[in-house]
Amino acid sequence: MKQRTSRTLSKIWEHIKNKAPSPACDDDAYMKIALKLAKRGLGNVWPNPAVGCVLVKENTIIARGWTQPGGRPHAEVEALTRAGEAAKGATAYVTLEPCAHYGKTPPCANALVEAGIKRVVIAVEDPDPRVSGQGVKILKDAGIDVTMNVCREEGIEVNEGFFLKVLKNRPLFTMKMATTLDGKIAVHTGESQWITEQPTRQQGHLLRANHDAIMVGIGTASEDNPELTCRLPGLEHHSPVRIVVDRRMRLPLTSKLVTQAHKIPTWMITLGDQDAIRAEAYREAGVELIIPDSSSQSEAGITLDWVAQELAKRDLTRILVEGGSHLAAALLRRKLVDRLCWMRAPRIMGHDGIPVVQAFGVDHLEETPFFDRTSMFNSGDDLVEIYRRRDFDI
């Protein structure tokens with residue numbers, strides 16, 4: 001009887017062993033946890049990338065870390081500090097190659113070596129020339145086993161804005177649109193509050209929290225008098241930089257964007273040939289004026305390619321565009337819209353409603369920007385859809 005039981009247990013063990021997750025599966029699982037941690041930093045760590053780190057020892061997570069507000073401490077240092085001496089001999093799962101250069105803090109690659117980390121699993125190489133491949137080299141030279149490209153696509157997605165800034169000198173642009181089913185954002189009189197329901201508006205505030213800046217055109221800024229802040233409980237301090245494109249300085253000095261500018265960073269992108277007294281009034285209120293030189297202006301005003309480069313120069317990596325329809329058209333025309341967050345309310349407004357996008361010179365179907373839907377979900381009675389530009393490439 002004992003012999004039969006032993007054989008049965010042996011078979012059960014063999015079955016379990018064969019079904020047990022492979023090391024690669026374990027790597028995926030732990031990296032996905034690190035990626036979720038990385039997302040906590042989106043919107044409040046720029047100009048640094050948002051990174052997550054998980055330390056694992058004997059199949060147990062012993063510490064977690066993610067990039068802290070302002071970009072420091074880095075994720076690896078945060079996790080190592082929490083682990084203390086227990087970090088020795090552990091495996092570190094990091095969503096981006098550990099940094100290799102001395103900035104305001106020593107390199108994270110060195111910190112992992114000094115902590116006695118045995119193995120490092122990395123989602124994606126850092127494209128920053130100060131780091132690219134150098135972090136991995138430090139680890140390997142110290143005898144640490146390094147595994148690359150685990151959950152690589154997800155790692156790229158988290159930090160697409162940072163990658164775009166490094167590689168293409170511009171931030172990631174996400175356009176948020178709250179519309180009726182027929183794509184209208186306001187009735188012909190201008191009334192637009194509120195097309196979508198409260199749960200959907202909360203989703204919009206969450207979007208604000210994980211972007212570095214919000215950008216609007218002068219029409220939206222004047223007609224809606226928005227605050228452009230994150231007003232979710234507990235996330236009020238995540239309000240991003242507010243940017244208004246206003247080439248003729250039409251924004252009322254009494255608007256919330258101006259009167260709150262000393263508390264919340266507010267930038268105005270405008271032309272330089274304006275009323276000097278009005279310009280000084282904006283500056284005294286705390287508004288920073290961003291003025292292109294003549295080479296960055298066109299007959300229509302300010303070139304958006306220059307705007308994108310200027311925002312990247314100011315270290316922004318993720319921009320949320322919240323209207324209006326003319327700014328949306330201009331960005332689409334220049335292929336500067338990388339993501340769409342389309343919030344649809346179950347309403348029909350008709351032809352006299354204001355469209356979400358004005359005409360931007362499309363004569364043939366092949367000229368239309370094409371987007372792939374990556375997710376969708378219900379929000380009360382509304383529908384929220386997320387899209388990625390099909391020809392998007394870093």
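In strand E4 (residues 119-122), arginine 119 is the bridge partner of threonine 91, a residue of strand E3 (residues 91-94), where strands are DSSP runs (E, at least two residues) and helices likewise (H or I, at least four), numbered from the N terminus. The model is predicted, so that local features need pLDDT of at least 70 and side-chain atom pairs count only at pLDDT 80 or more, while totals for chains, interfaces and linings use all residues. Residues are numbered from 1 along each chain as its sequence is written, and side-chain values use heavy atoms, with hydrogens and water left out.

E3 and E4 run parallel and are joined by four bridges, two strands being paired if DSSP finds at least two bridges between them. Strand E1 (residues 52-57) runs antiparallel to E3, also with four bridges, and here valine 56 stands opposite threonine 91. In a regular strand the side chains alternate between the two faces of the sheet. Both faces of E3 are covered, with Thr91 and Tyr93 on one side and Ala92 and Val94 on the other all buried, that is, under 20% relative accessible area with a 1.4 Å probe and protein chains only.

Grid points are joined across faces, edges and corners, and a volume is the space filled by probe spheres set on the points. One cavity of 30 Å³ or more is found in the whole structure, and the largest cavity holds about 60 Å³. Its lining comprises 14 residues, with Leu42, Asn48, Asn159, Thr317 and Arg318 nearest the centre.

Notes
On a 1 Å grid over the protein atoms alone, a cavity is a set of points where a 1.4 Å probe fits but cannot get out, and a pocket is an open set with protein on both sides within 12 Å along at least five of seven lines; lining residues have an atom within 4 Å of a point. Buried means under 20% relative accessible area, exposed over 50%, partly exposed in between (1.4 Å probe, protein chains only).
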